[in-house]
Amino acid sequence: MILSIIDKLNEWMEPVKAWLDANHSNPILWIALFLAGLAIFAFTYSALNKNH
């Protein structure tokens with residue numbers, strides 16, 4: 001069961017890895033990925049912060 005889930009995730013990630021390899025020198029891609037990660041962090045932090 002676990003191996004089939006891992007195998008399926010690896011199968012789904014192959015096109016993503018190929019796309020990232022083809023576009024690794026695009027600065028707009030890296031800025032967008034960084035901003036998306038920052039937004040996810042901010043959302044998660046605000047959802048878990050109990051002081052407000």
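Reader: How many residues does H2 have, and how far does H2 reach from its first C-alpha to its last?

Author: The model is predicted, so local features need pLDDT of at least 70 and side-chain atom pairs count only at pLDDT 80 or more, while totals for chains, interfaces and linings use all residues. Residues are numbered from 1 along each chain as its sequence is written, and side-chain values use heavy atoms, with hydrogens and water left out.

H2 has 22 residues and reaches 31 Å from its first C-alpha to its last, close to the expected 32 Å. That expected span is 1.5 Å times one less than the number of residues in the helix. Helices are DSSP runs of H or I with at least four residues, strands are runs of E with at least two, and both are numbered from the N terminus.

At the N-terminal end, H2 is capped by Asn 26, which places a side-chain oxygen 3.1 Å from the backbone nitrogen of Ile 28. Leu 29 is buried, its relative accessible area being 10%. Here buried means under 20% relative accessible area, exposed means over 50%, and partly exposed lies in between, with a 1.4 Å probe and protein chains only. Between the C-alpha atoms of Leu 29 and Lys 50 there are 33 Å, and the two residues are 21 apart along the chain.

Leu 38 is another residue of H2, and with a relative accessible area of 44% Leu 38 is partly exposed. Together with Ile 31, Phe 34, Leu 35, Phe 41 and Tyr 45, Leu 38 makes a nonpolar surface patch of about 690 Å². Such patches consist of residues with over 30% relative accessible area and no salt bridge; nonpolar side chains (Val, Leu, Ile, Met, Phe, Trp, Tyr) are joined within 5 Å, and like charges within 9 Å.

Asn 49 is found in the segment after H2, which covers residues 27–48. Asn 49 is buried, with a relative accessible area of 19%. From Gly 37, Asn 49 is 12 residues away in sequence and 18 Å away in space, C-alpha to C-alpha.

Side chains of opposite charge can pair when their charged atoms come close. A salt bridge requires a side-chain nitrogen of Lys or Arg within 4 Å of a carboxyl oxygen of Asp or Glu, and by this rule the count is two. One joins Lys 8 to Glu 11 at 3.7 Å, N to O; both residues lie in H1 (residues 2–22), three residues apart, about one turn of the helix. Lys 8 is partly exposed at 36% relative accessibility, and Glu 11 is partly exposed at 48%. In the other, the closest N and O atoms of Lys 17 and Glu 14 are 3.2 Å apart, and this pair also lies in H1, three residues apart.

Finally, the whole chain may be considered. The protein chain has two helices and zero strands. Its radius of gyration is 16 Å, well over the 10 Å that the globule rule gives for 52 residues, so the chain is more spread out than a compact globule. This radius is taken over C-alpha atoms, and the rule is 2.2 Å times the number of residues to the power 0.38. Along its principal axes, the C-alpha trace spans about 40 × 40 × 5 Å. Of the 52 residues, 4% count as buried.

Definitions and conventions
A polar contact is a pair of N or O atoms within 3.5 Å; within protein, one must be able to donate a hydrogen and the other to accept it, and residues adjacent in sequence count only if both atoms are side-chain atoms. Accessible areas come from the Shrake-Rupley method with a 1.4 Å probe; for residues, only the protein chains shown count as cover.
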